[in-house]
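Here are my notes on the ligand site and the metal site. Please read them with the model open.

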Amino acid sequence: SQQRLSVTWTQYTRALEQHTRAVVTTTRELRSALECNDLRLYYQPKVDMNDGRLVSAEALLRWQHPERGLLPPAAFIPLAEQSQLIAPMGEWVLRQACQDMRQWQDAGLTVAPISVNISLVQFQLGSVPDIVSRALTDFGIAPHQLTLEITESVFEEHCEALKVDLNAINRMGVKLSLDDFGMGYSSLGHLNDYPFDEIKIDKSFIWQLSGRAYGQAIVKAVHAIAEAIGAQVVAEGVESAEHVEALQRLGCWIGQGFYYSRPMPASQWQIQLAG
Ligand code: C2E
Ligand code: CA
Ligand code: CA
Ligand code: CA
């Protein structure tokens, strides 16, 4: 059995080495992706489910990898956070979103507000309010046109500096959205201490809606809480007409999901806005 153990150990260290090598390689590639302009922003609409009208859109990051093709954020955001590349990457996302809005405005299109996801790690690495305000100024975008989406884990940080930053962003007139709501545990008691304008109900709850009392109770509860703090509710992961109906019955009007549209590259988005 000692022999078996050592074989297992060798396999283990080999796997670990391979993993470490992959991390190092991908981190190096990610750095060059930033320099070579291989990152892309896709946009997905948030829709008024009553009439299908566009309310705003969320910018979602993609990596156009030279060999591996188009990669979703799950394949590289964690690495970007570990390697601190999330700071320049997050700044790129913000500026690209502002630049896209500028371009749409210059083309005479009615531009919906845009939401950008911000990693909490980014708040630790630099002054997010400064980066946001610079991006808005440089591209001449009004603050209310921009929303920052921050995940619910914001409450786990209990960090005064983070709260100061969020308040500064709120005072600038930039909107704040609480992402993936319902996934954490400690959030309810803290919600009122933060200036959120929007709450996004995580898709896992939307998918529990059909005929399930529990899913409906959650959506109802979130809706009541949002109302109490004056925030709007957005349902994520709306995939079917059944989802839409169930949400409407619960008084939920804004939806985002494949039922309405998949995330699209900026170029297609522009065509859609024009048409
Ligand atoms: P998220 O912010 O919760 O974004 C929603 C995710 O759900 C997106 O995945 C979107 O494509 C997907 N989605 C939208 N509607 C549906 C639907 O009806 N069904 C299903 N199954 N999925 C739907 P995506 O683009 O892969 O992004 C994953 C996560 O990566 C995002 O989750 C967000 O946390 C993070 N992320 C994306 N872009 C950025 C970014 O620029 N910066 C940072 N820090 N994180 C980002
Ligand atoms: Ca989001
Ligand atoms: Ca606000
Ligand atoms: Ca989400």
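1. Polar contacts. An N or O atom in the Glu58 side chain is 3.2 Å from an oxygen atom of ligand 1. A polar contact here is a pair of N or O atoms within 3.5 Å. Asp179 places a polar side-chain atom 3.0 Å from a ligand 1 oxygen. For Glu239, a side-chain N or O atom is 2.5 Å from a nitrogen atom of ligand 1.

2. Basis. This is a predicted model: local features need pLDDT of at least 70, side-chain atom pairs need 80 or more, and totals for chains, interfaces and linings use all residues. Residues count from 1 along each chain, chains are lettered from A and ligands numbered from 1 as written, and side-chain values use heavy atoms, without hydrogens or water.

3. Shell. Ligand 1 is surrounded by 21 residues (a heavy atom within 4 Å). Among the closest are Arg62, Asn117 and Phe258. Strand S2 (53-65) gives the most, four residues. Strands are DSSP runs of at least two E residues, helices of at least four H or I, numbered from the N terminus.

4. Calcium. The calcium ion (ligand 4) is coordinated by Asp179, Asp180 and Glu236, at 1.9 to 2.7 Å. Donors are N, O and S atoms within 2.8 Å of the metal (3.2 Å for Na, K and Ca); water is not among the atoms, so sites may look incomplete. The calcium ion (ligand 2) is 4.2 Å from ligand 4, and Asp179 coordinates both.

Terms used:
A polar contact is a pair of N or O atoms within 3.5 Å; within protein, one must be able to donate a hydrogen and the other to accept it, and residues adjacent in sequence count only if both atoms are side-chain atoms.
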